[in-house]
Amino acid sequence: MTDDGQTRTDAQGKLRHLLTLENMPAQQITALLDRAESLREQTHNGAKPLDILHGRTVINLFFEPSTRTRTSFDLAAKRIGANVINFDIASSSTTKGESLIDTVHTLEAMRCDAFVVRHKESGTPEYIAEILHSDASVLNAGDGNNAHPTQGLLDALTLRRHRADFSKLTVVITGDIRHSRVARSDVHALHALGAKEIRLCSPPELSPLDGDFPHCRIFHNFDEAAEGVDVAIMLRLQKERMQSASIPSEADYFERYGLSQRRLAHAHPRCLVMHPGPMNRGVEIASDVADGPQSLILEQVSNGVFVRMAVLAELLGSAKTPRA
Ligand code: CP
């Protein structure tokens, strides 16, 4: 199956799964962002519940820890009327050796409409989409180094609320680019929406592999990469995905790649600061920058709920092909 393969859309051409933003047309991304804004209004900023997904069941299947993505999918689904099961891996029969495929088919047999999947192995959500017996949808909540499509969408939504014209934006994404599914999904969204320039900055040992990120300029010097940028997206050092201890000390890393006030002074004076979280304060970002007036970090979190409402409504809403 390819990124734009058969399982991403149903027979009517409607989005069935959200696995990646790669190759997603700008029009489709914009429609999801518009729907998120519309749901923000309709729910009175999340205070008024809707029943768009009344009778639908969403299962959160998180094989890796999460605070933002899991909670916001849970809230988003409930605020538009769905039932939500937060599947607890630690107390499930996976601890007795039940396989992923048997776990999915077991949950499917109880009837559910969507699986929200996070897994350390790239490609797991796509694999689940392939082996489903029913017409349930799969939403990728982050798979290995591969993709985190709702993060890409919520970052685009957050940026669009502050800078409507992406064609004027130079964006730098800094940190552990090689292991970052967020970088991949952000680049897919930013490129589709026409960002003027996307810069990727990392230590050489965390640089993207050849052929990855064809539309981006690669830097290893953060002072140079930050020069004049309109947006700085900072990434966490993902030690859990690194093969070796090839990274300098945290203090040295902050000196070379951390976003401090001194370094922010290289950027455009109105530069916006973003971070998907969780943050390592004092490693990739200084606290006074993370909490400062240019930071959108908590807005990203709030916007995540509306983006997740939008994708759930799109995949599971009334126009979904009726079950056989
Ligand atoms: N940004 C993000 O994916 O955060 P969580 O790991 O807390 O979900």
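**A guided tour of the predicted chain and its ligand**

Residues are numbered from 1 along each chain as its sequence is written, and side-chain values use heavy atoms, with hydrogens and water left out.

Display the C-alpha trace, which spans about 60 × 45 × 35 Å along its principal axes. In cartoon view, the chain shows 11 helices and nine strands (DSSP runs, H or I of at least four residues and E of at least two, numbered from the N terminus).

Next, select the ligand. Around the ligand stand Ser66, Thr67, Arg68, Thr69, Arg118, His148, Gln151, Pro276 and Gly277 (each with a heavy atom within 4 Å of it). This shell comprises one nonpolar, six polar and two charged residues (Ala, Val, Leu, Ile, Met, Phe, Trp, Tyr, Cys and Pro count as nonpolar, Asp, Glu, Lys and Arg as charged, and the others, Gly among them, as polar).

Now select Thr67, Arg68 and Thr69 in turn. A backbone N or O atom of Thr67 lies 2.8 Å from a ligand oxygen atom, and a backbone N or O atom of Arg68 lies 3.0 Å from a ligand oxygen atom. At Thr69, an N or O atom of the side chain is 2.6 Å from an oxygen atom of the ligand. The protein buries 92% of the 250 Å² that the ligand exposes when taken alone (Shrake-Rupley method, 1.4 Å probe).

Move to Gly277 and Pro278, which are joined by a cis peptide bond with omega about -5°. Pro278 belongs to the loop between strand E9 (272-274) and helix H10 (287-290).

Finally, select Asn45, in the loop between helix H1 (26-42) and strand E1 (57-62). The phi of Asn45 is near 60°, a positive value in a residue other than glycine. Most residues other than glycine have a negative phi, and most peptide bonds are trans.

Definitions and conventions
This is a predicted model: local features need pLDDT of at least 70, side-chain atom pairs count only at pLDDT 80 or more; totals for chains, interfaces and linings use all residues. A polar contact is a pair of N or O atoms within 3.5 Å; within protein, one must be able to donate a hydrogen and the other to accept it, and residues adjacent in sequence count only if both atoms are side-chain atoms.
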